[in-house]
Amino acid sequence: MHLLEKLEQNRNLTLEEWQALIRKQSEYQKEAEKRANILREQNFGNRIYVRGLIEFTNYCKNDCFYCGIRKSNRNANRYRLTKEQILSCCEMGYALGFRTFVLQGGEDGSFTDDRLTDIISSIRTRWSDCAITLSIGERSYESYKQLYDAGANRFLLRHETYDDTHYGKLHPPALSAARRKQCLFDLKKI
């Protein structure tokens, strides 16, 4: 079976197959583009999705080695948007045609579950036809569930690598790949 066919059918390849595909990428590129276009058309058609990204805080309790808002970055100009500022962004975005709002920020303890629930509920009440995506890092199952129940219907959890060793090179010892994976499983369950 051709590697691209196998990838398309199984959504997986062995390490050796991935390596072969990468080595021969120029040979496979046109066919890969063709297959990707077919799949894109089947799944999304010709629609364009526009999302309003609201960076509502750049405070973070973590110190991930690659991140610009890591807690040890003394050069970051820190900010937190108020609920009113967030809702104002949504109002402007809605008028411009955005139908997804992405609330993104560092893992900022000042945005408690109750505070985020209030913000999400307000967005959901005022713009019920919009999707609300959260990109707020690792939280407990109960926290994710509370935010989902308040109206957040999508979650974006950055996941740089699935390999435990590589994860350890990108993050301080206080963070673990196992915990990140558990968050992914929790979100999938919800």
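**Reading a predicted fold, feature by feature**

The protein has 8 helices and 4 strands, where helices (H or I, at least four residues) and strands (E, at least two) are DSSP runs numbered from the N terminus. This is a predicted model, in which local features need pLDDT of at least 70, side-chain atom pairs count only at pLDDT 80 or more, and totals for chains, interfaces and linings use all residues. Residues are numbered from 1 along each chain as its sequence is written, and side-chain values use heavy atoms, with hydrogens and water left out.

Me: Which residues does L53 touch?

Reply: Contact means heavy atoms within 4.5 Å. L53, found in strand β1, touches V102 and Q104, leaving aside residues up to four places away in sequence.

Me: How can I check a helix such as α5, and which of its residues are buried?

Reply: The expected span is 1.5 Å times one less than the number of residues. For the 14 residues of α5 (residues 113–126) that gives 20 Å, and the end C-alpha atoms are 20 Å apart, which agrees. Buried means under 20% relative accessible area, exposed over 50%, partly exposed in between (1.4 Å probe, protein chains only). In α5 the buried residues are L116, T117, I119, I120, S122, I123 and R124. They pack against β1 (52–57), α4 (83–95), β2 (100–105), β3 (131–135) and α6 (141–150).

Me: What volume does the largest pocket have?

Reply: Rolling a probe the size of a water molecule over the atoms shows where empty space is left. On a 1 Å grid over the protein atoms alone, a pocket is an open set of points where a 1.4 Å probe fits, with protein on both sides within 12 Å along at least five of seven lines; lining residues have an atom within 4 Å of a point. Grid points are joined across faces, edges and corners, and the volume is the space filled by probe spheres set on them. The largest pocket has a volume of about 360 Å³. Of its 23 lining residues, C67, I69, G105, G106 and R158 are the closest to its centre.
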